Amino acid sequence: YEAMLYKPIAPAKLAALTTLYNQSLESFSKGESDVKEILGKEGRNDPQMAALTVVANAMLNLDEWLNKS
């Protein structure tokens with residue numbers, strides 16, 4: 001977050017992204033979501049990497065990133 005936006009992450013945003021990661025990891029680990037759909041058919045079956053990909057995607061869609069000057 002800091003490398004992307006050049007500012008520290010607010011505690012509320014950190015909590016939201018941590019929750020998103022934990023929920024995504026649980027979903028991918030239980031098989032409720034398809035890891036290969038996120039990582040590609042040739043990708044590893046790695047729930048942690050898929051959850052991190054979801055969080056990275058969310059970070060790239062933050063208003064601070066999209067409207068960065």
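This is a predicted model: local features need pLDDT of at least 70, side-chain atom pairs count only at pLDDT 80 or more; totals for chains, interfaces and linings use all residues.
**View 1. The largest nonpolar core.** The largest nonpolar core has 13 residues. Those with the most contacts inside this core are Tyr1, Leu17, Tyr21, Phe28, Ala51, Val55 and Met59. Two or more core residues come from each of α1 (2-5), α2 (11-30) and α4 (47-60). In soluble globular proteins, nonpolar side chains tend to be buried together.

**View 2. Helix α4 and its cover.** The buried residues in α4 include Ala50, Ala51, Val55 and Met59. Among the elements that cover the buried residues of α4 are α1, α2, α3 (35-39) and α5. When neighbours within four places in sequence are left aside, valine 55 is in contact with Leu17, Leu20 and Tyr21. The helix has 14 residues, and at 1.5 Å a residue α4 should span 20 Å. The end C-alpha atoms of α4 are 20 Å apart, which agrees with that span.

**View 3. A nonpolar patch on the surface.** Leu60, Trp65 and Leu66 form this patch, and together they have about 280 Å² of accessible area. Leucine 66 belongs to helix α5, which covers residues 63-66. With a relative accessible area of 53%, leucine 66 is exposed, because exposed means over 50%.

**View 4. Asparagine 67, after α5.** Asparagine 67 is placed in the segment that follows α5. The relative accessible area of asparagine 67 is 60%, so this residue is exposed. Between asparagine 67 and serine 24 there are 26 Å in space, C-alpha to C-alpha, and the two are 43 residues apart in sequence.

How values were computed
Residues are numbered from 1 along each chain as its sequence is written. Side-chain values use heavy atoms; hydrogens and water are left out. Patches are made of residues with over 30% relative accessible area and no salt bridge: like charges are joined within 9 Å, nonpolar side chains (Val, Leu, Ile, Met, Phe, Trp, Tyr) within 5 Å. Accessible areas come from the Shrake-Rupley method with a 1.4 Å probe; for residues, only the protein chains shown count as cover. A salt bridge is a side-chain nitrogen of Lys or Arg within 4 Å of a carboxyl oxygen of Asp or Glu. Helices (H or I, at least four residues) and strands (E, at least two) are DSSP runs, numbered from the N terminus. Buried means under 20% relative accessible area, exposed over 50%, partly exposed in between (1.4 Å probe, protein chains only). A nonpolar core is a set of buried Ala, Val, Leu, Ile, Met, Phe, Trp, Tyr and Cys residues joined through side-chain atoms within 4.5 Å. Contact means heavy atoms within 4.5 Å. The expected span of a helix is 1.5 Å times one less than its number of residues.
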